[in-house]
Amino acid sequence: MGINDTEENRAIELWMNLENTGSIETAPSKVVLDIYDQTKTNLIVSLTNYNGIKKVDLFQTEKISAKFNHQLSAGSYLAYFKIFNKDDLVKQGELTLSVLPKGTLPPDKSDFSDIFATLGLKDKPIWFYGIILGALIIIVAFLIIIIKKIKRHRK
């Protein structure tokens, strides 16, 4: 079990080793992360991941993660986790969570949100990205046609 350092507005990742000894693919059905201040007295936020956790194949052991979006400020916190298989609590524990100021960690290569934010493209509607993709396809097609015409005229 482990939890990566994260930044303000970057997902928290809780890592776990999962061994599948059953006859079907499996993954936790729910993971709960309760975030407390360092005094362990004030619950700041309770986060839940119901899906999006990679399933582990039959008779395999893999390191998988559950991601949680948050709005925590930079600082140190205590994270109490609970992992469920259906309604059964299968594991629980406590980890220290460090939230660093935005821009401290290198960009997450699996998450393009930092790149989109840098380009000013974050939180745009899906049709916006469709228009950009369509324009790029048209430009590439146009360039291919021009190159073919130039090659024909040279012959």
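Modeller: The accessible surface of the protein comes to about 10,900 Å², and carbon and sulfur atoms hold 58% of that. Keep in mind that this is a predicted model. There are two helices and eight strands, running β-β-β-β-β-β-β-β-α-α from the N terminus.

Colleague: What makes a nonpolar surface patch here, and which residues are in it?

Modeller: The patch is made by Ile132, Leu136, Ile139, Phe142, Leu143, Ile146, Ile147 and Ile150, and covers about 710 Å². To join such a patch, a residue needs over 30% relative accessible area and no salt bridge, and nonpolar side chains are linked within 5 Å. Take isoleucine 139, in helix α2 (residues 126–154): its relative accessibility is 47%, so it passes the 30% cut-off.

Colleague: Why is isoleucine 139 called partly exposed?

Modeller: Exposed means over 50% and buried means under 20%. Isoleucine 139 has 47%, so it falls in between and counts as partly exposed.

Colleague: How many salt bridges are there, and what makes glutamate 94 and lysine 40 one of them?

Modeller: The count comes to two. In the pair of glutamate 94 and lysine 40, the closest N and O atoms are 3.7 Å apart; the cut-off is 4 Å, so the pair qualifies. This pair links distant parts of the chain: glutamate 94 sits in strand β8 (residues 88–100), lysine 40 in the loop between β4 (30–36) and β5 (43–49), 54 residues apart. Glutamate 94 is partly exposed at 39% relative accessibility, and lysine 40 is partly exposed too, at 45%. Glutamate 62 and lysine 54 form a salt bridge as well, at 2.6 Å from N to O.

Colleague: How do you know that glutamate 7 has no salt bridge?

Modeller: The nearest side chain of opposite charge is arginine 10, 4.2 Å away.

Colleague: What does the side chain of glutamate 7 reach, then?

Modeller: Backbone nitrogens. The side chain of glutamate 7 reaches that of leucine 105 at 2.4 Å, and one of its polar atoms lies 2.8 Å from the backbone nitrogen of threonine 104. The limit for a polar contact is 3.5 Å, so both distances fall within it. Leaving out residues up to four places away in sequence, glutamate 7 touches residues including His70, Val99 and Pro101.

Conventions:
Residues numbered from 1 in each chain as written. Predicted model: local features only at pLDDT ≥ 70, side-chain atom pairs only at ≥ 80, totals over all residues. Heavy atoms only, no water. Patch = residues over 30% accessible without salt bridge, like charges linked within 9 Å, V, L, I, M, F, W, Y side chains within 5 Å. Areas by Shrake-Rupley, 256 points an atom, 1.4 Å probe, with all protein chains shown as cover. Helix = DSSP H or I, 4+ residues; strand = E, 2+ residues; numbered from the N terminus. Buried < 20%, exposed > 50% of the residue type's maximum accessible area, 1.4 Å probe, protein only. Lys, Arg positive; Asp, Glu negative; His and termini not counted. Polar contact = N/O pair within 3.5 Å; in protein donor to acceptor, adjacent residues only side chain to side chain. Contact = heavy atoms within 4.5 Å.
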